[in-house]
Amino acid sequence: MKVETGRPVATASHLVDRLYDDDGMVRAKARETIIKLGKPLTPRLIALLSEPGDQVRWEAAKALAEIADPAAAPALVGALVDRSFGVRWLAATGLIVLGRDGLIPLLRALMADSSSVILRHSAHRVIFDLVGREQLVPILAPVLEALESAEPAVSVPLAAHTALEQLLALK
């Protein structure tokens with residue numbers, strides 16, 4: 001810990017370490033400070049998504065969702081299949097906040113692994129929320145239909161591929 005003008009100032013490493021604390025208040029205060037520090041801490045938070053402890057992964061996903069750094073989108077997509085429902089929910093929330101920046105890696109993941117029921121369920125939440133935003137209805141509605149179809153493992157990859165091409169053409 002550094003000291004400035006007689007007051008202790010937490011370093012980034014110290015703040016990240018506090019996300020492991022057993023005390024929820026300690027974790028919450030550390031997370032709030034990490035969120036204020038923002039994007040420079042994104043790589044450290046992404047690394048925490050691979051930790052064995054559910055609580056630290058939850059804290060990392062919560063912070064990433066609030067920081068809303070597009071660089072975290074691929075990691076948030078990866079967290080959509082986390083064993084913890086809370087982590088999956090927060091990862092989906094983060095992708096919703098990112099909007100189009102979260103859709104590109106999500107659509108790629110659906111193309112690569114449409115057989116994952118957990119991924120499809122998590123993706124459904126994201127796409128359902130984003131379908132009406134930013135003129136995305138014509139692009140995302142077919143993906144949503146595929147996710148809700150009788151054979152989503154078969155229909156999702158093509159719908160996701162088509163949507164990805166359309167989304168990339170908009171940029």
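**View 1. What sits over the buried side of α8.** The cover over the buried residues of α8 includes α6 (85-98), α7 (100-112), α9 and α10 (152-170), with contact meaning heavy atoms within 4.5 Å. This is a predicted model, where local features need pLDDT of at least 70, side-chain atom pairs count only at pLDDT 80 or more, and totals for chains, interfaces and linings use all residues. Residues are numbered from 1 along each chain as its sequence is written, and side-chain values use heavy atoms, leaving out hydrogens and water.

View 2. Helices here are DSSP runs (H or I, at least four residues), numbered from the N terminus. Tucked away in α8 are Leu119, Arg120, Ser122, Ala123, Val126, Ile127 and Leu130, all buried (under 20% relative accessible area, 1.4 Å probe, protein chains only; exposed is over 50%). Looking down the axis of α8, these buried residues fall within an arc of 165 degrees, so they line one face of the helix; the arc is taken from the directions from the helix axis to the C-beta atoms. On the face turned away from that buried side, we find exposed His121 and Phe128.

**View 3. Where α8 meets α9.** Helix α8 (residues 117-130) packs with helix α9 (residues 137-147) at an angle of about 145 degrees, their axes 10 Å apart. Axes are lines fitted to C-alpha atoms over the stretch in contact, and angles run from 0 to 180 degrees between N-to-C directions. From α8 come Arg120, Ala123, His124, Ile127, Phe128 and Leu130, meeting Leu140, Val143, Leu144 and Leu147 of α9.

Terms used. Helix = DSSP H or I, 4+ residues; strand = E, 2+ residues; numbered from the N terminus.
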